[in-house]
Amino acid sequence: MRALISVSDKTGVVEFARDLRAAGWEVIATGGTMNLLQKEGVKVINISDVTGFPEICDGRVKTLHPKVHGGLLARRDDPSHIKALKDNGIEFIDMVCVNLYPFRQTIAKEGVTMADAIENIDIGGPSMLRSAAKNWADVTVVCDPSDYRRIIDEIHREGNTRKETRLELSAKAYTHTAEYDMMIATYMRKQAGLNEKLFLEYDLVQSLRYGENPHQTAKFYRQADPVSYSPAFAKQLHGKELSYNNIQDAQAALNIVREFKEPFCVGLKHMNPCGAATGKDVIEAWTKAYEADKVSIFGGIVATNCTVTREVAELMKPIFLEIIMAPKFDKEALEVLETKKNLRLLEVDMEGAVAEYQYVGMNGGMLMQQADTETRTVTAEMCVTERKPEEAQMSDMNFGWHIVKHVKSNAIVVVRDGRTLGVGAGQMNRIGSAEIALKEAKAAGFSEGLVLASDGFFPFDDCVTLAAEYGVTAIVQPGGSIRDEDSIRKANELGIAMVFTGERHFKH
């Protein structure tokens, strides 16, 4: 039995090759792999001794040879294949252990040149993997160092790998080369200015119990490169398995948290905030967010950008929550919250790079857009009315503006003192959303000094009129309607300060 080993990732390869030799296998190796194995005292055969041809072109050509691919592709149950090998002095190769040049790592380096990228495009490696994978009935193909141990165990136990194992490894190899080619194609198309193709690479995290409803199946995937503010890369510290709806809601909550640097907390239901607030610390932020809507948060999720301490954990514990997310949980906080066996606790990276794009599937297609990660700071210069906003109003307008972008359109948010008082989401007309948000604020006992934020412009002055009736004294909205002057005129009549940000935040 003969194995050909040629790896870029040398993790565990010395032990693997040594174990193969101990099991009676011959080991063929190339270039750097051969040098490493020889240095470690593992007896190996130089690939050039097999092919009868030296490595040429700086190692670009070393395994692209009939004595390699004939030995891999020949069927052991076909007499004509066996005769062809015998006639041409070719021996079987029963295993290929290959992983590929580090193309992903190379192009991720700052300042990498195209020449560097090109030199890290593997040719012989994918060719050997594909040849071995095609002939999986007879040949074992290995591209993942994590498989070394079980392969050696099977060889020791059964004399060779099982056919079922070889089929599984074949599928892994084809996946590996497909992902590799996809990376290269994406890079080369970008260099050439082509954008007609979209390649996506996602790995299965888990099969979910069901989708949005119990009769729908669902699976959870994540991309290869980690990003911050992501449930896909969160560490679950406690609680039962996440559901499809949990994951959707978790991402919506984390998108809101990402907007704030000061201590902040948000409660969320059905992908809309039901209470959000800033505070001097996590305790104040949680208390204000919870008191903003004690009813809707039941069965919801909570996210904060602060460490969860024992003190705030004691306040959260009596409330029925599905998930709590934070960058960190104190040991004492975990002791408090882990007494609730079904409560999911997620530790989330809130420091790294954020996702650049969003993808939305549809029947027979997909939409892609740049993620809405930028939010303009509301400034006094944006004011379009005679009345100018006071300092406290400016703070609340910025708070409301950062919240309303994450509410389903048409979206209206009413705030005061750094917390939400009313949220109107997803109505078919803007006045409908305004009525919901304003009535919620009034029901909570607030009827003066309110600030209203709208994700889109006002097509009419009716929202301004209604806002004044409920005690709104300042409004932040994008502007841009052909009837902006009507809203400005009405705000001036009613003594309301209004700013136009020049930026809308629709969320469908």
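**Sheet and helices**

Reply: This is a predicted model. Its open sheet is made of six strands in the order E8-E13-E12-E11-E9-E10, with mixed pairing.

Me: Which strands stand at the edges?

Reply: Strand E8 (235-238) and strand E10 (272-278) do; each has a single partner strand, so one side of each is left without a neighbour in the sheet. From one strand to the next, the twist averages 20°.

Me: In which sense do E9 and E10 pair?

Reply: Antiparallel, over six bridges, with E9 covering residues 264-269. Valine 266 stands opposite alanine 276 in E10.

Me: What lies across E9 and E10?

Reply: Helix H11 (residues 244-257) does, and it also lies across strand E11 (300-304), strand E12 (321-326) and strand E13 (344-347). H11 runs at about 150° to E9. Helix H12 (residues 282-292) packs on the sheet too, where it touches E9, E10, E11 and E12. The direction of H12 makes about 140° with that of E10.

Me: Switching to H10. How many residues does it have, and how far does it reach?

Reply: H10 (residues 163-192) has 30 residues and reaches 43 Å from first C-alpha to last, close to the 44 Å expected.

Me: Which of its residues are buried?

Reply: Among them are Thr165, Arg166, Leu169, Ser170, Ala173, Thr177 and Tyr180. Further along H10, Met183, Ile184 and Tyr187 are buried as well.

Me: And what covers them?

Reply: The cover includes helices H6 (103-108), H7 (114-119), H8 (124-134) and H9 (148-158), plus strand E5 (140-142).

Me: What follows H10?

Reply: Glycine 193, with a positive phi near 80°.

Methods
Residues are numbered from 1 along each chain as its sequence is written. This is a predicted model: local features need pLDDT of at least 70, side-chain atom pairs count only at pLDDT 80 or more; totals for chains, interfaces and linings use all residues. Side-chain values use heavy atoms; hydrogens and water are left out. Helices (H or I, at least four residues) and strands (E, at least two) are DSSP runs, numbered from the N terminus. The expected span of a helix is 1.5 Å times one less than its number of residues. Buried means under 20% relative accessible area, exposed over 50%, partly exposed in between (1.4 Å probe, protein chains only). Contact means heavy atoms within 4.5 Å. Two strands pair if DSSP finds at least two bridges between them. Axes are lines fitted to C-alpha atoms, for helices over the stretch in contact, and angles run from 0 to 180 degrees between N-to-C directions.
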